[in-house]
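Take a look at the protein chain below. This report walks through its sheets, helices and cores, one part at a time.

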Amino acid sequence: MSELNQINTSEFRLTVEQLAYSYGQKQALKGISFQIEAGKFCALLGPNGAGKSTLFSLLTRLLIPPQGKINLAGYNLEKNPRKALSKLGVVFQQPTLDLDLTVLQNLKYFASLHGLHGKTARLAIEEALERLNMLERAKEKVRALNGGHRRRMEIARALIHKPQVLLLDEPTVGLDAASRKAITDHVHDLAARDSLTVLWATHLVDEVWSDDRLIILHQGEIIRDGICSDVTGQKTLAATFQTLTQSEAA
């Protein structure tokens, strides 16, 4: 197995090598490895309990892996965590917004955490909101927004510091079908237009496009990795996913 420092990091923005993690006797991840290039949308598809949230906790350093390596935009997460995390934007599954502040106030606070102030912060916030078609709602209180617009705002917040890698953990949970499609479309567009590397965790097959990179995670292991249409062949993704996860569980 090649070392991370031998990998062309200009090509791969996110690299995971032999990553493992256990909760006591329960092994949540079993030595998984994958790489994602710049400008690629990669869907991480897995049923509940597959290990998706554990992986995200490791990628964001909420958990420290006892085994494996993580490289973000050319920086080893263990050896240079500040630099690595500065290249990362994250949208967690649970909302983390202050409902009684406006969109702008929420984003100004987050910008300050990244050392952005004054005109620099204002321009970064405006750009991020415009990319998500949210600029006209900047002065509205978050409480007044619907679920889809709150999620767009969280994505905008994750883009303020111009990350190179964007992680989204089940970002459409609780949204209706139209809102889920709109958010999925927006994030695909961000990857293509801004050369952003996206890892989108979901258990919903309709959020994966046929030309997406697809990683299927089940019981802590990667059981398929490739372009979605290649993985499914003549079958639908729903049928493929059901067959794979049932057969692996048997």
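## An open sheet

Four strands, in the order β2-β1-β4-β5, form an open sheet with antiparallel pairing. Here, helices (H or I, at least four residues) and strands (E, at least two) are DSSP runs, numbered from the N terminus. Two strands pair if DSSP finds at least two bridges between them. Strands of a sheet pair through backbone hydrogen bonds, either parallel or antiparallel. β2 (26-37) and β5 (75-76) stand at the edges. Each has a single partner strand, so one side of each is left without a neighbour in the sheet.

Strand β1 (residues 12-23) and strand β4 (residues 67-72) run antiparallel and are joined by 5 bridges. V16 stands opposite I70 in β4. Q18 also belongs to strand β1. Its phi is positive, about 50 degrees, although Q18 is not a glycine.

Residues are numbered from 1 along each chain as its sequence is written, and side-chain values use heavy atoms, with hydrogens and water left out.

pLDDT is the predictor's confidence in each residue, from 0 to 100. The protein chain averages 91, and 94% of the residues score at least 70. Over residues 1-9, pLDDT stays under 50. Where pLDDT is low, the predicted coordinates should not be read in detail.

## A strand with both faces covered

Now turn to strand β7 (residues 165-169). 5 of its 5 residues are buried, so β7 is largely enclosed by the rest of the structure. Buried means under 20% relative accessible area, exposed over 50%, and partly exposed in between (1.4 Å probe, protein chains only). Which residues lie on each face of β7? V165, L167 and D169 are on one side, L166 and L168 on the other, and all are buried.

β7 pairs in the parallel sense with strand β6 (residues 88-91), over 4 bridges. L88 has V165 of β7 as its bridge partner. β7 also pairs in the parallel sense with strand β8 (residues 197-202), over 5 bridges. In β8, A201 is the bridge partner of D169. From β7 the chain crosses through helix α6 (residues 177-194) to β8, and this β-α-β crossover is right-handed. That term means that, with the strands pointing away from the viewer, the path from the first strand over the helix to the second runs clockwise.

T202 lies in strand β8. T202 is buried, with a relative accessible area of 0%. Leaving aside neighbours within four places in sequence, T202 is in contact (heavy atoms within 4.5 Å) with L44, L45, G46, K52, E170, E207 and V208.

## A helix inside

Is helix α5 (residues 147-159) largely enclosed or largely open? 11 of its 13 residues are buried, so α5 is largely enclosed by the rest of the structure. Among the buried ones are G148, H149, R151 and I155. Their cover includes β6, α3 (103-113), α4 (118-131), β7 and α6.

## The nonpolar cores

A nonpolar core is a set of buried Ala, Val, Leu, Ile, Met, Phe, Trp, Tyr and Cys residues joined through side-chain atoms within 4.5 Å. The largest has 44 residues, and I155, V198 and L214 touch the most other members. Apart from it lies another core, of 27 residues, among them Y21, L58, A84 and L88.

V198 has contacts beyond four places in sequence with K40, F41, C42, L166, L168, V187 and A191.

L85 is found in helix α2 (residues 81-86). At 28% relative accessibility, L85 counts as partly exposed. Beyond four places in sequence, L85 is in contact with L59, T60, R61 and L77.

R61 sits in the loop between α1 (52-59) and β4. R61 is partly exposed, with a relative accessible area of 30%. Phi of R61 is near 65 degrees, a positive value in a residue other than glycine.

How values were computed: This is a predicted model: local features need pLDDT of at least 70, side-chain atom pairs count only at pLDDT 80 or more; totals for chains, interfaces and linings use all residues.
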